[in-house]
Amino acid sequence: MRGESSVLHLDLDAFFAAVEQRDKPSLRGRPVVVGGTGGRGVVATASYEARRYGVRSAMSTREARARCPHAAFLGGRFPAYREASRAVMAVLRAASPLVEPLSLDEAFVDLAASEDPALASLEVPAVTEYAELLRARVAEATDGLTCSVGVATSKFMAKVASDLDKPDGLVVVAPGTERELLRPMSVTVIPGVGPATAERLRRVGVQTVAQLEEVSEEELVRLVGTAHGTSLFHLARAQDDRAVVAEREAKSVSVEGTYDSDLSDLRLMEHLLVRQSAAVATRLGKAGLSGRTISIKVRLHDFTTTSRSSTLPSPTDDPAVIARVVRALLAELAAGVDTGPALRGGVRLLGVGVSGLADWVQDDLFAGLAEDTPEDAREGAEEPQELPEPPRARPTGWSPGADVVHDEHGRGWVWGSGRGVVTVRFETRESPAGPVRSFAVDDPALHRWQPEVADDPDGTVHVTEHGTEDVTEPG
């Protein structure tokens with residue numbers, strides 16, 4: 001454990017929604033919801049104005065509309081989010097060589113590694129003043145985006161601190177006060193304590209961190225397993241010695257798709273997963289990567305999400321191998337006492353992912369494995385065409401919130417579209433709230449507009465199939 005508060009955690013406030021409000025003057029101060037905009041959509045993030053009505057991330061768009069019908073519901077503009085993220089990460093890397101991005105909107109910074117004279121001392125007053133300076137620099141670099149910052153003696157405590165004064169807040173935890181701060185908090189503040197673990201702990205009378213402190217490590221291991229139990233034991237005592245790691249390589253390559261009505265045909269699910277396996281293999285090949293752990297993700301009609309994974313002895317990028325493992329994982333789910341009936345009750349999302357990435361492949365290890373794999377899977381092709389195409393939302397081509405430019409009126413964004421008409425509000429972040437005009441969807445003077453933006457700064461490769469309505473905010 002560090003003797004000084006020198007780990008900083010920065011989290012941009014309601015990031016996707018804040019970028020939309022910044023770039024669309026007419027939406028400033030109004031409820032904004034970003035995510036899937038169709039009937040099967042899911043909220044990625046909501047502005048604080050929308051959160052007052054109970055809108056939250058991972059909620060269905062249908063429920064969000066019922067709670068806050070006057071909100072602006074927009075699809076994601078990832079180039080704009082990446083642009084803002086790059087500006088933030090540049091500010092942080094100028095402050096310290098040790099910056100660990102967790103997602104587009106979140107990062108750890110090791111202030112002890114900084115060479116800035118302002119951090120000659122790491123006493124609480126000095127790091128507090130420096131953290132305020134960083135927040136101001138982030139706002140300047142992003143044209144006004146706000147962030148919440150926590151500074152503490154460890155990554156865990158810095159993350160806890162950044163959540164204490166949202167939005168646009170700063171909390172510095174003085175060395176030696178960590179356990180006093182944690183004790184009154186719910187056990188859910190500890191990473192990895194989700195609903196299932198929280199319920200197990202509640203059954204033995206543990207709901208706060210103070211109560212968790214009283215449980216022995218042996219008892220926690222018995223309750224939740226060796227790795228998780230040991231972690232809970234130490235984190236309840238604010239013990240976290242993880243270093244800030246500057247280089248975060250791509251952790252996974254994945255493809256997923258959300259369907260316009262629930263799937264119940266297991267053959268169709270297998271067909272879709274095999275096709276996704278081929279797409280993942282193609283992405284791996286283009287990136288010169290391979291992976292050991294293959295997983296499938298299944299989201300049911302009630303938004304319950306389950307997954308299965310299998311780890312191979314050595315990494316692969318072979319679509320036949322990936323497809324074979326994926327078929328076995330689906331079969332495992334289908335055979336489960338609980339998961340089988342749930343699977344047949346309706347699936348809204350399927351996904352395939354490969355993690356444990358490497359830049360080499362041991363082909364010989366898998367040569368025999370692929371011999372009895374069906375030819376279509378071996379080549380990454382689709383299964384026989386008698387299987388129906390999955391139900392999908394029909395994209396209009398003009399997603400709400402998308403950037404456009406008109407030959408006469410200049411730049412703006414899509415207010416809405418339908419019945420052969422697209423409505424555009426003409427404004428940018430530098431302009432006042434602009435006028436609204438409607439055009440035919442095939443108007444030759446109206447074009448999509450997209451800036452040149454580099455890849456995600458966290459290095460994660462993620463693909464969603466066309467028509468996907470489930471969008472999740474990084475981090």
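The model is predicted, so local features are taken at pLDDT of at least 70 and side-chain atom pairs only at pLDDT 80 or more, while totals for chains, interfaces and linings use all residues. Residues are numbered from 1 along each chain as its sequence is written, and side-chain values use heavy atoms, leaving out hydrogens and water.

**Whole chain**

Begin with everything selected and coloured by secondary structure: the chain holds 16 helices and 18 strands, taken as DSSP runs (H or I of at least four residues for helices, E of at least two for strands) and numbered from the N terminus. Of its 475 residues, 47% count as buried, that is, under 20% relative accessible area, with exposed set at over 50% and partly exposed in between, using a 1.4 Å probe and protein chains only. If you show contacts (heavy atoms within 4.5 Å), then among those between residues at least 6 apart in sequence, 66% join residues at least 24 apart.

**Helices α1 and α4**

Next, select residues 15-23, which form helix α1, and residues 78-95, which form helix α4; the two pack at an angle of about 95°, with their axes 10 Å apart. They are therefore roughly perpendicular to each other, since angles of 65 to 115 degrees are counted that way, whereas those under 35 are roughly parallel, those over 145 roughly antiparallel and the rest oblique. Show side chains, and you will find Phe 15, Phe 16 and Val 19 among the α1 residues that meet α4, where the partners include Phe 78, Ala 80 and Tyr 81.

**Helices α8 and α10**

Move on to residues 195-203 (α8) and 217-224 (α10), which pack at an angle of about 125°, with axes 11 Å apart. These helices are therefore oblique to each other. At their contact, Thr 197, Arg 200 and Leu 201 of α8 face Leu 220, Leu 223 and Val 224 of α10.

**Gly 420**

Finally, select Gly 420, which lies in the loop between β14 (410-418) and β15 (421-425). Is this residue buried, partly exposed or exposed? Gly 420 is partly exposed, with a relative accessible area of 39%. Leaving aside residues up to four places away in sequence, Gly 420 touches Phe 439, Ala 440 and Val 441. To see how the chain returns to this place, draw a distance between the C-alpha atoms of Gly 420 and Val 441, which are 21 residues apart along the chain and separated by 5.4 Å.

Note on methods
Axes fitted to C-alpha atoms, helices over the stretch in contact; angles between N-to-C directions.
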